[in-house]
Amino acid sequence: MGLRKKQQAEGGVAVQQPPKPKKKRGKWIVLAAVVIVGIVAAVALFSGGGQEQTSTSLYTEDTVQVRDIVTELSYSGTLEPADSYTVTSLVSGEILAADFEEGDTVHKDDVLYTIDSSDVTTGLERARNTLSQAQRAYQQAQESLDDLNVRAPAAGQVVDLAVEVGDDVTMGQVVATIRDSATMTIELPFPTDEAAAFTVGQAAQVTVDGSFETIPGTVTAVSAAETVLSGNRIVRMVEITVTNPGAITSSSQATATVGTSACAQSGTFAYQEERSVTADVAGTVASLNVDEGDTVAAGGTILRLSSDTLEDQLENAADAVEDAQLSLDNQQDTLENYALQSPIDGTIVDKMYKAGDNMESGSQLCTIFDLSYLSFTMQVDELDIAQVAVGQKVQITADALEGQTFEGVVTKVSINGTTTGGVTSYPVTVQIDETNGLLPGMNVDATVVVSESRGVLSVPVSAVSRGNLVLVKTDSATSAQEGNAEGLPVGYEYVEVTLGTSNDDYIEITSGLEEGDQIAYIQTSEGGGFFFGGMPMGGGGEAVMVTTGGY
């Protein structure tokens, strides 16, 4: 009866009294006595003994229910803006304008600071002038290099080549002679009063001395000046052009008539075009493109010179243009540094310099936060990281905003872990789009939903014993008869079930039970239990044990 009273006093659980610290032998005697008393009490409780049972139940009754089973992980972090940028000056000078204040919203490329750039503007103009000079020098070098191709100044026949391949030629040296012998001209004196009436293009008749051959011609020029010939004859010189029938040379002489007017004396033919070809630059004859007697068109290449000097000059001129362009680009880039623009859309959170201030290169002028969303980083334990994935929802709370809950989403799971004290954690980034009231720098607690099973049959985790068994009320004759014999409550028996997802509190039952089934179990407790009725009791949640009432 003493043990029975002790059970009732302690809620039906046999309590082992601590031994008195006297002798080791006495300690074991007391322990053995307690165990024996516990066994006797248990037999008395479950045997019935022909007496009325007492309703001192140690088990919890529950029913199989439909629940939502959600598995969560909890971590914390500190909020950061979507982006942040500190505007830093790359130049020194006086700030002429800074037309914004803390709290203002700015957009990308908005001009924040304008700095005095008068010295740079002068340098920019000098760089432009230097570039123009370099470009002109390069163009001249190109033209000089092109002058190595000696071209015919007019169409005609090459009547003389004065050089050969390999000859050195100086600038201005005659290298060839070109003659147009198809057309001849002759200047003849006509009485001044008659010549004054001539017109350019008027027909003329030319008679060649000796052969007396008559050739049609055309007046191409009439001199305005008067000339006095022997016998006090006053005349004007008239130029007549004829097509060479083939026999006329520069030594041939002729007379002519224009209308009814005859010339005062004969004259000598001249080739319409006979020109000396000279080299515009010095060089060495690299090739001859024509032979003597060949006919060339105006601009045709007669020969080509080579010159290492000119090629070097062209290359140096090209380098000078490139250097000048780089210098100009640098000056322009430097000028852009005097108008500092916002690199991002955002809000000014700190303004360190204002208009009128003088600052040095490297000075931090203002700070911009992009508050379009907030984010934070959780350091997730290596045992949990496999359960975290991009796109998972995150429930967020902040001590600074008590009673409010915000929703975030996992945007990045890094594989670059950090190991401290033998434990590795991985950074996981969470983004919050709706940030009403949240500010950068706030500390937040986050709960990540790693799995969800909605509307599933479930029982408390403690209700499942080793072997996937659940104690279910059946009211069958067998369970009524065998309940006490096996140490089970009357009307209950173990049923094997199939398990699904679970969390710390509940576990899914996929088969073996139905909604509304009545179950019984003992709430598990931490620490070791003791074996009673053949089942472990209080042992880490792997088995459950219930007892019936007294007798």
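**A strand residue to begin with**

Author: Let's begin with Val219, which lies in strand β12 (residues 214-222). One caveat: this is a predicted model.

Reader: Noted. Is Val219 buried or exposed?

Author: Val219 is buried, because its relative accessibility is 0% and the cut-off for buried is under 20%.

Reader: What does Val219 touch, leaving out residues up to four places away in sequence?

Author: Its contacts are Thr199, Val200, Gly201, Gln202, Val238, Glu239 and Val258.

Reader: How far is Val219 from Val200, C-alpha to C-alpha?

Author: The two C-alphas are 5.1 Å apart in space. In sequence, Val219 and Val200 are 19 residues apart.

Reader: Zoom out. What is the secondary structure of the chain?

Author: The chain has six helices and 37 strands.

Reader: And what share of the residues is buried?

Author: Of 551 residues, 35% count as buried. The chain exposes about 30,500 Å², and carbon and sulfur atoms supply 47% of that area.

Reader: How much of the contact set comes from residues 24 or more positions apart?

Author: They account for 72% of the contacts with a separation of 6 or more.

Reader: Now aromatics. How many aromatic pairs are there?

Author: The count is three. One of them is Phe100 with Tyr113, an edge-to-face pair at 5.3 Å centre to centre, with 90° between the planes.

Reader: Where do Phe100 and Tyr113 sit?

Author: Phe100 is in the loop between β4 (93-97) and β5 (105-106). Tyr113 is in strand β6 (residues 111-115), and the two are 13 residues apart. Both Phe100 and Tyr113 are buried.

Reader: Which pair is edge-to-face at 5.2 Å centre to centre?

Author: That is Phe190 and Phe198, with 80° between the planes. Phe190 and Phe198 are buried.

Reader: Back to Phe100. What lies over its face?

Author: Lys351 does, at 4.5 Å from the ring centre.

Reader: You mentioned β6. Which open sheet of four strands includes β6?

Author: The one with the order β21-β6-β4-β23, with antiparallel pairing.

Reader: Which strands stand at the edges?

Author: β21 (339-341) and β23 (358-359) do. Each has a single partner strand, so one side of each is left without a neighbour in the sheet.

Reader: How many bridges do β6 and β21 pair over?

Author: Three, in the antiparallel sense. Thr114 stands opposite Ala339 in β21.

Reader: Now β18. Which strands does β18 pair with?

Author: β18 (residues 283-288) pairs with β9 (residues 168-169) in the antiparallel sense over two bridges. β18 also pairs with β20 (residues 301-306), again antiparallel, over four bridges.

Reader: Last topic, Ser425. Which strand does Ser425 lie in?

Author: Ser425 lies in β28 (residues 423-432).

Reader: Why does Ser425 count as buried?

Author: Because its relative accessible area is 17%, and buried means under 20%.

Reader: What joins the side chains of Ser425 and Gln379?

Author: A polar contact of 3.5 Å.

Reader: And what is Ser425 in contact with, leaving aside neighbours within four places in sequence?

Author: Gln379, Val380, Asp381, Gly417 and Thr418.

Key. Residues are numbered from 1 along each chain as its sequence is written. This is a predicted model: local features need pLDDT of at least 70, side-chain atom pairs count only at pLDDT 80 or more; totals for chains, interfaces and linings use all residues. Side-chain values use heavy atoms; hydrogens and water are left out. Buried means under 20% relative accessible area, exposed over 50%, partly exposed in between (1.4 Å probe, protein chains only). Contact means heavy atoms within 4.5 Å. Accessible areas come from the Shrake-Rupley method with a 1.4 Å probe; for residues, only the protein chains shown count as cover. A polar contact is a pair of N or O atoms within 3.5 Å; within protein, one must be able to donate a hydrogen and the other to accept it, and residues adjacent in sequence count only if both atoms are side-chain atoms. Two strands pair if DSSP finds at least two bridges between them. Rings of Phe, Tyr and Trp (its six-membered ring) pair if their centres lie within 6.5 Å; planes under 30 degrees apart count as stacked, over 60 as edge-to-face and the rest as tilted. A charge sits over a ring if NZ of Lys or CZ of Arg is within 6 Å of the ring centre and within 35 degrees of the ring normal.
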